[in-house]
Amino acid sequence: SVELNPVLLPLDWLLGTWESDEPGEGCFPSIKPFHYTETLHFSHVGQPVINFMFNAFHAESKKPMHRECGFIRMQPGTNKVAFIIAQNSGLVEIEEGELTAQQLSLQSQAVARISFAREPHVQQISRVFQLRPDGKLEQTVSMATDNQELMQHLHITYRRSS
Ligand code: HEM
């Protein structure tokens with residue numbers, strides 16, 4: 001396999017495949033709370049870029065639901081991280097933030113969508129990835145829409161599966 005580009009060494013703990021260990025929890029003031037499972041893949045091909053895919057499924061029916069894919073870059077010599085993301089809902093976004101220890105805190109810098117995206121429209125996203133001392137990865141996502149201030153939408157933990 002190709003050697004990891006040294007620019008990405010601070011993010012090497014993210015690489016591989018992660019499976020939700022127990023169903024994640026979804027919520028928002030305007031929706032019915034729900035559960036979901038999710039698989040995350042982080043890989044690289046030697047470029048200073050991590051490629052990722054997040055695939056979420058209905059917790060009971062296992063039906064495919066939300067999907068995101070994109071790229072992660074780091075500004076060399078800094079702890080600045082950027083996510084370039086496309087979502088199956090028709091949303092694209094740039095998130096930027098900082099890596100401190102094994103926690104990534106990101107805020108959307110740009111959000112755009114297809115002309116016929118469902119309403120309400122997402123206006124802002126913030127998320128945190130944290131590698132916990134027990135080796136589990138945790139993701140928390142908050143969003144703001146046309147109708148709601150920034151509020152939590154998702155919380156989930158994963159265990160490494162490869
Ligand atoms: C609802 C955005 C990830 C499942 C929604 C709504 C928005 C949204 C805008 C509608 C809220 C409203 O009606 O007020 C996002 C964004 C995500 C994301 C920006 C990622 C950053 C996920 C994931 C799942 C999920 C991973 C897992 C299955 C749902 C469900 C609903 C919902 C079940 C309620 C039913 C529906 O409106 O389809 N989401 N979502 N979302 N989301 Fe997400």
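How far does a polar side-chain atom of Arg118 lie from an oxygen atom of the ligand? The distance is 2.9 Å.

This is a predicted model, in which local features need pLDDT of at least 70, side-chain atom pairs count only at pLDDT 80 or more, and totals for chains, interfaces and linings use all residues. Residues are numbered from 1 along each chain as its sequence is written, and side-chain values use heavy atoms, with hydrogens and water left out.

His153 sits in strand β11, residues 151-160. Strands (E, at least two residues) are DSSP runs, numbered from the N terminus.

A polar contact is a pair of N or O atoms within 3.5 Å.

| Residue | Ligand atom | Distance |
|---|---|---|
| Ser30 | oxygen | 2.4 Å |
| Arg118 | oxygen | 2.9 Å |
| His153 | nitrogen | 3.0 Å |

**The shell**

The ligand is surrounded by 20 residues. A residue counts as near if one of its heavy atoms lies within 4 Å. Ser30, Phe34, Gln87, Arg118 and His153 are the closest. By class, the shell holds 13 nonpolar, 4 polar and 3 charged residues. Here Ala, Val, Leu, Ile, Met, Phe, Trp, Tyr, Cys and Pro count as nonpolar, Asp, Glu, Lys and Arg as charged, and the others, Gly among them, as polar.

**The pocket**

The ligand takes up the space of the largest pocket. A pocket is an open set of points on a 1 Å grid over the protein atoms alone, where a 1.4 Å probe fits, with protein on both sides within 12 Å along at least five of seven lines; lining residues have an atom within 4 Å of a point. A molecule sits in a pocket if more than half of its atoms lie within 2 Å of its grid points.

The lining has 31 residues. Nearest the centre are His66, Ser89, Arg118, Met143 and His153. Strand β10 gives the largest share of the lining, 4 residues. The lining divides into 14 nonpolar, 10 polar and 7 charged residues.

**Two backbone details**

Glu119 and Pro120 are joined by a cis peptide bond, with omega about 5 degrees. Pro120 lies in the loop between β8 and β9. Lys62 is not a glycine, yet its phi is positive, near 65 degrees. Lys62 lies in the loop between β4 and β5.

Conventions. Polar contact = N/O pair within 3.5 Å; in protein donor to acceptor, adjacent residues only side chain to side chain.
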